[in-house]
Amino acid sequence: MASSSSSDDPPATTRRRFLKIATCSVGCGLGAAIAVPAVGYLLYPVGRRLVTTGDDPIDAIAADRIVAGAPPVRVPLVAAAQRDAWTTVRDVPLGAAWLRRTDGGELVALSAVCPHLGCAVGWDDGGKIFKCPCHESAFAVDGARMAGPAERGLDPLPLTVADGRIRITWVRYKTGGSRREPG
Amino acid sequence: MKIRDWLDDRAGWRAVLHGALHEPVLGGASFAYVFGSVLFFLLLLQMTTGLLLAFYYSPSASDAWASVAYLEDQVTLGWLIRGLHHHGASAMVIVAGLHLLQVAVWGAYKKPRELNWVTGVILLGLLLAFALTGYLLPWDQTGYWATKVATGIAGSTPVMGDQLREAVQGGNEYGNLTLTRFFALHVLVLPALTVGLVAVHLALFRRHGVTPHWWRRGDELERRVQPFWPDQLARDMTAMAVAFALLLVWVWHAGGARLDAPADPSSAFDARPEWYFRALFQLLKYFSGSLETIAALGAPVVVGGALLALPVIDRGPDRSPRRRIVPLALLGVGVIATVVLTGLSYRSDAADAGLGKRMARAEARAAQARALAKKNGVPPAGGTAVFQTAPFWRARAIWARDCEHCHAGEKRKGPVIAAGYNSRPWLRAFLVEPSADAYYGRTKLAKTDKAMEPVEQTGRDLDALVELVYAESGAPDVDAALVARGAELFEQVCSDCHEREPGVASDPGPNFAHRGRPDFFASFIADASAPIFFGERNEMPKFAADLSEDDRRELAAWLVWLRDARPEDVAALGEP
C-alpha cells in the first residue's frame, strides 16, 4: 500500500499508469456504449420514406374542362391521405399541375414546380409563356426551356383519363440540373 | 504537439485540466466517495438521452402520444433511449437518496460545508420537479391522470389555488398549453437551474474537499494523500460503469419504459405516481378535506424545510453519529416512514383484485393503441383518434351502444349476432331449429304458434336450401347447381311464407332477397317492420331516426364482415 503520494516510487508509478489507462478505457467504453446506439437512433430517418402518400393517381378535374387552344389550367393535387411519421392526415395538398390540351387533342400535365430551385411557376397570358417568379426562368407552353437559370424544361406528370376525369400521378422531381430524377 | 502548445498558449487548457485533475484527496481515494460522481454521470446520461428524445418528440396535445409511440415502436433503439431516460430518473432518485443519507450520517453538512448541503437539497428538489414535469410529456393515461392529481393539489392551495393551478396547467383545462409549459420547464428551465446549481455544488465541493470518516484525525489524513487523477477517478469510473451496467439490465428487464394508451379525459383510470412519490400518494389517503391539502402541500414543505435547516439546527463541531442522536433519529424516522408508506401503498394495490383487472385491461388497450398507431398512423385529432383507425371502429361503437344488449349476452331478446353470422353453418342450424335459443328462441314470436317451423329437409336438399339463402348474401363461393336445386325446393317448402323477389312485400315471413348484403342490412336496421321484412310481427326497434344512413351502412359492412370471421378475428379487433 502506498502511504503517501510519491511519484518517484516505481511501484506507485506503475500502478498509477495502469489506473490511468484503465480509467480512460472504461470511460471510452462508457462513452461508446451510449454513442453507438445514439448514432443508430439519430440516423433512423436516413434512407427511409417517412412522408408517404399512396401511389394512386390523384383525381384532378373533369377532362372536358380542358380545351384545345385555351390557356393552361392550374389544378391543385390533393392526396387522399398522407402518412407523415406518426400522423396520418387526410386531404393533403401535395403540389399543383398545369393542364392543357394540345391542338392534336392530347392532354398534357406539367408540374408547377420550377426545375431550377422549386418555386411555383405561373402562366403569363400576355406572353403565352410559363414564368417563374423567383429567378425569372421562362418556359414555352409545352414546357420547353426558353430563358433564365433553369437547366431543363418543366417536368411532365403522368396522366390518365377515366370516367371523364383526369387523374394525375404526382412526382416531385429533384430541382437543379438538366437531368430529370424523382426526388 | 505544436498545435497543443499553441492552444495552451491561447486558451490555457493545461492549467484548467491540471486544476480539475490534480486535486489532492486527503486520507486517500475511497469507494466511499463515488456517490456524487455516479450521480453526476447519471445526470449527464439524462441530458444525453433527453436531448436524443427531443429529436423525435412533439410537445402538442394532438401529437405527443403519437410521437412517443412512434419513437418507441419504430425508431431504431428508441425504446432503449426512452427506457434509459425513464429508469435513469429512478436511478438518480436512488443514488441521490444514498448520497444524501451518506452525507447526513457522515455529518458532512457541518461547517464549513453548509452550502454544499443546501445546494444538494435544492438539487434533490429539482430532480423531483424533473420527474413531475416529465411524467406528463408522453400524454398517456398514467402521465395524464397522475399529473391531474398533482395540479389538483396545487389547485387546493389556500387563497390563490385556482390562479396557481391555471398558471401551472396553462389555462382552464389540460391541453396544448399544459404540454408546452411542462415541456419548457422540463427541457429548458429545470436543466438550466440544475446545471448552474451543480456547478456551484461542485465548486463548493472542490473548495472544501471530501469529508473523510469522522473517526480519522487530521494528522492521520495529512499523512495519506492521493491525487484525484487517477486514484479517485478510477474508483469513480468503476462505479459509473457498474451503475450503467445495472441500469441497462434494469431497462432490458423492464422492456424499456411503459407507454400507456393515449390520454383520454372521458375514461376512468387508476392514476398511480412514480414509485418515489408513492409515500406522499399513500399519505393523502389518510386525510380528507382541508386536512388533505395541508398534508399534500405541508409534508413536502416540512421535509424539505427540515433538510434545508439541518446544518443550522445541528451546529456542533463533532461529526461522530453518537453525538448527533437527535437529528439522525429524526432522519431515520423520516426514512422509515417513507419506506412504510411506500410499502403500504403497494400492498393495498396488490390486495385490490379489481385494480389488477383494470390494469390488465388498460395494458391491453395500450397494446391495441400502439399496434394501430404503428399500422395506420394517428389521425391529426390526436392520440385517442388512433382507435378510430381500427377496422369497423364506428360500427362496433354503435353496436356496443345500440345493438349488443339484444343480440349478445344472457339478457338478449333477439338472435345471437357474432362471428359466423349468416355463414353456411349458421344458416343450416337456423333452418333446422329456427326457435333455438341462439336464434329466435328469445322472441315473443317463438312462444306463439306463428313462429317459423323447422325445415324438414335433410342431406343434400338441406344443403341446397342453405346454399340458396347463402347465395343471396353475394358471397363469392356459391355452388350454382345447389342454388338451382334450392330454388326448386323453395317453391315447394318456403314460398307459402317467404318471397325472394327483390322489393316484394312478404307475409307472414320476411322477403329474403339480398339477405346478408350491405343494402339489406342497412334497410333492415332502419325499419325491420317494413312490409318486405317482419311487418307486424317485428319486435326489433326502428333505427331510421337514431342512426344516419352512413352509420347504418357502417354497421351493415360490419355484419357482412362477420359472415366469414372467426371468433378470434373479432377478439383481435379489441374493444371499440
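Colleague: How many salt bridges does the rule find across the interface of chain A and chain B?
Modeller: Keep in mind that this is a predicted model. One of the salt bridges joins the side chains of A:Arg16 and B:Asp231, at 2.5 Å from N to O. That falls within the 4 Å cut-off. Across the interface, the rule finds two.

Colleague: Which element gives the largest share of the side of chain A that touches chain B?
Modeller: Two elements of chain A give two or more residues to that side: α1 (10-42) and β4 (87-101). One of them supplies 16 residues, the largest share. That element is α1(A).

Colleague: How much area is buried between chain A and chain B?
Modeller: The contact takes 31 residues from chain A and 42 residues from chain B. On chain A, the trio A:Tyr41, A:Tyr44 and A:Trp86 supplies 29% of the area that chain buries against chain B, more than any other three residues. Carbon and sulfur atoms give 67% of the area buried between the chains. The total is about 3000 Å².

Colleague: Which residue stands opposite A:Ala109?
Modeller: β5(A) pairs with β4(A) in the antiparallel sense, over five bridges. The two strands form a hairpin with five residues between them. Opposite A:Ala109 stands A:Leu99.

Note on methods: Residues are numbered from 1 along each chain as its sequence is written. Chains are lettered from A and ligands numbered from 1 in the order in which they are written. This is a predicted model: local features need pLDDT of at least 70, side-chain atom pairs count only at pLDDT 80 or more; totals for chains, interfaces and linings use all residues. Side-chain values use heavy atoms; hydrogens and water are left out. Contact means heavy atoms within 4.5 Å. Buried area is the accessible area (1.4 Å probe) that two parts lose on being put together, summed over both. Helices (H or I, at least four residues) and strands (E, at least two) are DSSP runs, numbered from the N terminus. Two strands pair if DSSP finds at least two bridges between them.
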